[in-house]
Amino acid sequence: MYSITADDCSFVDPATGTREEIRYLDVGDDGGQIYLVHHHARGKARGGVVLCGSINADREGCLRTLVDIARELAFNGFDVVRFDYRGIGESTGDFDDYCFSDWMQDIEACIGVLREKLPGLPVGLWGIRAGALLASEVFRKAGDGALFCAPMDGQPFLQGILRRSLVNDMLGRPNAKRSSREAIIAALESGELVNVDGYAWSKRLWQDAATHRFVVPADDSRPWQVVDFTDFPRANLGGEHESHRRLSSVGRFWEATPTRVAKDSSLRDITLAWLVSMSDFCNTIAVTLL
Amino acid sequence: MVGTVHVPAGADPECGRVGLLLLNGGPVPRAGSGDLSAYLSDRLAERGVPCFRFDLQGLGESTGPSWSDGDQFWRKAQRGYNDAAVVELVEYLCERFKLRGIMLGGLCAGGVLSLRVARSLGPRLLGFVLLEPNIRASPAVTRMEKFRRLVSRLGSLDELLAMMTGTNRYARLFRPIQPQLRRILERRTPVRLPVDAQKGTVSQWRQVTCNGVPSLIVVAQDRDIDHYIENVVSTFPQAKRAVIRTVRIPNSNHILLAEDSRQRTGDALCAWVMESFPGHTVVDGAGL
């Protein structure tokens, strides 16, 4: 149909002096590609991290914060990969062709990029909202550390998106006929494609979401942390964990229009501290093994 | 600035084509709300038109400090913060992709930022794609405009007549003779812009429209912007309005995503481009 050019795809952020490289990466066997941005560490890399953003309208609400965090981490010596899931944003494909299980492959592909670039160095997973859910599942078999921001289970996450979309619709089209959330879910389960904020939700997405739950890393010695936000339901961790940290100074910036960016640096600071602890932890293990 | 290019496959790079550049709809990344801009670019690229989506400074993936306050971005944008970058970008794209010129636009603020640079682009500007263009000034600018109008009333018969026939508290005093005053006013002055319109931006748009630069306006039918933009366009000379096409999408919202709005907007864009630039598009994807 058409081609997406990938030249002129490397530049230096003048604020941090770090290089950013944009590329498209083949994932899966359906010809789909993810849009991937690799932030190269300033100086010698201490490790790497994959930033897993969210989906639907959350994606646009989180993007700039992810960009800021990626640049800060690269400045502090970490290689960072961030990406769009297939069917979303700059990646190829139609949204209704993909679901949570497919997007886990996208994360795994990004880990592969960093493993290849940074042999022997730790690679962590950082996720927010749907990204935190997916990262927790991928973390079962890959990654040297993880940080989960405002994680939720699959279907409650979609229900929350749907609720917000209906509220916005009531405000934006006060006189329009509209369905209830229950009617929309019934339509999804009957196989209809449903337009939610411009994305076509499919039965496959809805049913697949039910099989995805936030997984607490059980008896895991790898450094992991959960970060909740003000006015956001705490993740169900099955009891208190030392690693559970509540971020009270930052609201739900992914919902905040027209700002769409975290207002302070606390999330960046927590992320950097976690990455440094992951890097130190992995170095300690390596030294012990030697 | 970071952007995405949709290049039609098999297109002759030397044929002096036209392209479409979509700017951010406010602080939303370049893919657009619900990936609307990405969708429209895909649709048009399938018709043979190269499309470009770019993040302005501090937005999306571009460099520059992030805008921690969306209103601040909008206020600075209305004072020309992005103008030079947009003009430079258009020139770069025309050179780099050997384009004759560019259609410029975007959703809401993206459309308005396009209008701001109309005169600076000269012959590179081939048309506007204005999706729900909110051409109102921010409250601070509006207060200035109200003050300016108040001052100008002291020395202008037209402004004085407008005040005497308006809805303010002083107009009540003139109620018995208001019909006569209105007739005088209508004979003396053209239709007036809404008080909170961005006058400089509208002035640029009016001027390039009079020079024959076409515009496509897509609005949610019977919503706020629909009526507002109609008022603005009504201030343009009647004979020159033929180059402006307005498409009203029923049951839609401001981000043109409700129900089948996205599809209808894509249809309207492709149809308008194919009619306005018939030599530069491929009908129904033939030859791709």
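Mentor: A term to start with: a strand here is a DSSP run labelled E, at least two residues in length, and strands are numbered from the N terminus. Also, keep in mind that this is a predicted model.

Trainee: OK. Which strand is Glu20(A) in?
Mentor: Strand E3 of chain A, which covers residues 19-26.

Trainee: And is Glu20(A) buried or exposed?
Mentor: Buried, because its relative accessibility is 0% and the cut-off for buried is under 20%.

Trainee: Which side chain does Glu20(A) make a polar contact with?
Mentor: Arg71(A). The two side chains are joined by a polar contact of 2.6 Å.

Trainee: What else does Glu20(A) touch?
Mentor: Leaving out residues up to four places away in sequence, its contacts include Cys9(A), Ser10(A), Phe11(A) and Asp13(A). Val37(A), His38(A), His39(A) and Arg82(A) are among them too.

Trainee: Let's zoom out. How many helices and strands does chain A have?
Mentor: Seven helices and twelve strands.

Trainee: How much of chain A is buried?
Mentor: Buried residues are 57% of its 290 residues.

Trainee: New topic. What is the average pLDDT of chain B?
Mentor: It is 86, and 88% of the residues score at least 70.

Trainee: Where does pLDDT stay under 50 in chain B?
Mentor: Over residues 283-288. The model has eight contacts for that stretch beyond four places in sequence.

Trainee: What ipTM does the complex get?
Mentor: The predictor gives an ipTM of 0.91, along with a pTM of 0.88.

Technical notes: Residues are numbered from 1 along each chain as its sequence is written. Chains are lettered from A and ligands numbered from 1 in the order in which they are written. This is a predicted model: local features need pLDDT of at least 70, side-chain atom pairs count only at pLDDT 80 or more; totals for chains, interfaces and linings use all residues. Side-chain values use heavy atoms; hydrogens and water are left out. Helices (H or I, at least four residues) and strands (E, at least two) are DSSP runs, numbered from the N terminus. Buried means under 20% relative accessible area, exposed over 50%, partly exposed in between (1.4 Å probe, protein chains only). pLDDT is the predictor's confidence in each residue, from 0 to 100. Contact means heavy atoms within 4.5 Å. A polar contact is a pair of N or O atoms within 3.5 Å; within protein, one must be able to donate a hydrogen and the other to accept it, and residues adjacent in sequence count only if both atoms are side-chain atoms.
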